[in-house]
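Subject: Structure handover

Hello,

Here is the structure I promised to pass on. Please open it first, then read my notes below.

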Amino acid sequence: MAKYEKDGHIIYHGDALEIMKQEIPDESIDLVFVDPPYNIGKKFADFHDKWSSDAEYTNWAYQWIDECIRILKPTGTMYLMSSTQAMPYFDLYVRDKLTILSRIVWYYDSSGVQAKKYFGSMYEPILHCVKNQKAYCFNANDILVEAKTGAKRKLIDYRGDTPKPYNSKKVAGNVWEFSRVRYRMKEYEEHPSQKPMALLERIIRASSNKGDTVLDPFSGTFTTAAVAKLLGRNSISIEYQDTYIKIGLRRVLGMKEHQGEKLEAVKKNTKIKNGRGVKYEEKSGDLFSVSS
Ligand SMILES: C[S@@+](CC[C@H](N)C(=O)[O-])C[C@H]1O[C@@H](n2cnc3c(N)ncnc32)[C@H](O)[C@@H]1O
């Protein structure tokens with residue numbers, strides 16, 4: 001196990017379960033975001049995300065779910081992602097221990113080849129859970145979205161003494177549409193399951209305040225910590241794979257070198273247009289046009 005730390009951001013290199021057990025005190029974390037291996041056969045550097053059975057996978061998963069619950073403050077919130085296949089197990093397990101406030105669907109546009117013999121997967125489920133449904137953080141005003149009424153003109157509310165335009169902002173519902181991270185985006189890192197900064201922006205803004213601590217036990221490209229940092233939160237990240245730790249050291253701690261190796265962002269190919277190189281650039285959220 002190795003630990004790296006700078007300005008309120010901690011990165012642990014090692015196994016999530018062991019590190020949570022050994023290093024993270026009871027009831028010390030405001031927000032946990034968990035995006036584990038999904039047991040669907042992806043390759044994460046040297047790690048193959050496939051257990052021999054659902055029972056083996058859930059035995060392992062229930063251990064880290066218990067740890068996440070132990071380290072959450074009494075007012076804390078956990079967001080738990082999973083594959084559509086595994087989510088029923090997680091939902092049944094978690095609902096006995098926490099209050100599930102929302103069952104969120106992260107819906108994305110299709111890309112590449114879609115299934116031809118069944119309906120292709122276009123979403124990932126997320127549980128939004130709290131320890132105490134009477135005392136938890138939810139900053140509704142920080143995550144308002146435009147309410148789509150379909151009307152071309154501004155709708156007027158005539159119910160009060162004075163007519164006034166309807167409020168056009170609302171808290172997002174439980175179907176969230178964010179683009180998956182694509183090669184062309186500024187935030188892109190080399191990882192098979194990178195989550196968009198815009199997704200984490202909504203979660204962190206809604207369920208934590210400045211100065212709070214956000215923990216991600218399966219950090220991958222360290223999206224959670226990168227967004228936490230931009231939003232003035234502290235972070236604790238855990239990741240097993242050496243290749244991805246280097247992304248975190250660069251992206252979150254701002255390190256330029258590690259063990260004699262230069263830490264550099266992915267060098268993107270450029271598109272040749274009219275004989276001249278044109279760099280692709282795309283952004284996924286308003287805040288992050290200046291992303292890492
Ligand atoms: C689904 S990905 C997380 C992606 C991340 N949310 C992002 O935005 O990049 C899961 C990550 O868990 C890591 N991992 C797998 N087993 C682990 C373990 N036992 N302890 C810590 N990390 C582990 C994998 O290397 C992989 O990077």
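Most residues other than glycine have a negative phi, and most peptide bonds are trans. Bear in mind that the model is predicted.

Asp-7 also has a positive phi, near 50 degrees, and is not a glycine. This residue lies in the loop between S1 and S2. Is Asp-7 buried or exposed? Asp-7 counts as exposed, because it has 9 C-beta neighbours inside 10 Å.

Now the overall picture. The protein has six helices and 19 strands. For 292 residues, a compact globule would have a radius of gyration near 19 Å; the protein has 20 Å, which agrees. The C-alpha trace spans about 70 × 60 × 50 Å along the principal axes. Of the 292 residues, 34% count as buried. Take the contacts with a separation of 6 or more: residues 24 or more positions apart account for 67% of them.

Next, the ligand. 20 residues surround the ligand. The closest are Lys-195, Phe-218, Gly-220, Thr-221 and Thr-223. What is the make-up of the shell around the ligand, in nonpolar, polar and charged residues? Nine are nonpolar, seven are polar and four are charged.

The sheet comes next. Nine strands form an open sheet with mixed pairing. Their order is S1-S2-S15-S14-S3-S6-S8-S7-S13. Strand S1 (2-6) and strand S13 (175-177) are the edges, and each pairs on one side only. From one strand to the next, the twist averages 15 degrees. Strands of a sheet pair through backbone hydrogen bonds, either parallel or antiparallel.

Walk along the pairings. S2 (residues 9-13) and S15 (residues 234-239) run parallel, joined by five bridges. There, His-13 stands opposite Glu-239 of S15. S6 and S8 are antiparallel, with five bridges. Met-81 stands opposite Ile-126 in S8. S7 and S8 also run antiparallel, through eight bridges. Ile-126 in S8 is opposite Ile-104. Val-130 in S8 is opposite Thr-99. S7 and S13 run parallel and share three bridges. Tyr-107 has Glu-177 in S13 as its bridge partner.

Why is S8 largely enclosed by the rest of the structure? Because six of its eight residues are buried. Helix H3 (residues 87-94) lies across S6 (72-81), S7 (99-107) and S8 (123-130). H3 runs at about 5 degrees to S8.

Helix H4 (residues 197-207) is mostly covered, with ten of its eleven residues buried. Among the buried residues of H4 are Met-197, Leu-199, Leu-200, Ile-203 and Ile-204. Glu-201 and Arg-202 are also on that buried list. What covers the buried residues of H4? The cover includes strands S3 (29-34), S6, S7, S13 and S14 (213-216), along with helix H5 (223-230).

One last residue. Lys-73 lies in strand S6. Lys-73 counts as partly exposed, because it has 19 C-beta neighbours inside 10 Å. The cut-off for buried is 20. Leaving out residues up to four places away in sequence, Lys-73 touches Glu-27, Ser-28, Ile-29 and Asp-30. Glu-257 is 184 residues from Lys-73 in sequence. In space, the two are 35 Å apart, C-alpha to C-alpha.

Best wishes

Note on methods
Residues are numbered from 1 along each chain as its sequence is written. This is a predicted model: local features need pLDDT of at least 70, side-chain atom pairs count only at pLDDT 80 or more; totals for chains, interfaces and linings use all residues. Helices (H or I, at least four residues) and strands (E, at least two) are DSSP runs, numbered from the N terminus. The radius of gyration is taken over C-alpha atoms; the globule rule is 2.2 Å times the number of residues to the power 0.38. A residue is buried if 20 or more other C-beta atoms lie within 10 Å of its own, exposed if 12 or fewer, and partly exposed in between; C-beta atoms are placed from the backbone. Two residues are in contact if their C-beta atoms, placed from the backbone, lie within 7 Å. A residue is near a molecule or strand if its C-beta atom, placed from the backbone, lies within 6 Å of it. Ala, Val, Leu, Ile, Met, Phe, Trp, Tyr, Cys and Pro count as nonpolar, Asp, Glu, Lys and Arg as charged, and the others, Gly among them, as polar. Two strands pair if DSSP finds at least two bridges between them. Axes are lines fitted to C-alpha atoms, for helices over the stretch in contact, and angles run from 0 to 180 degrees between N-to-C directions.
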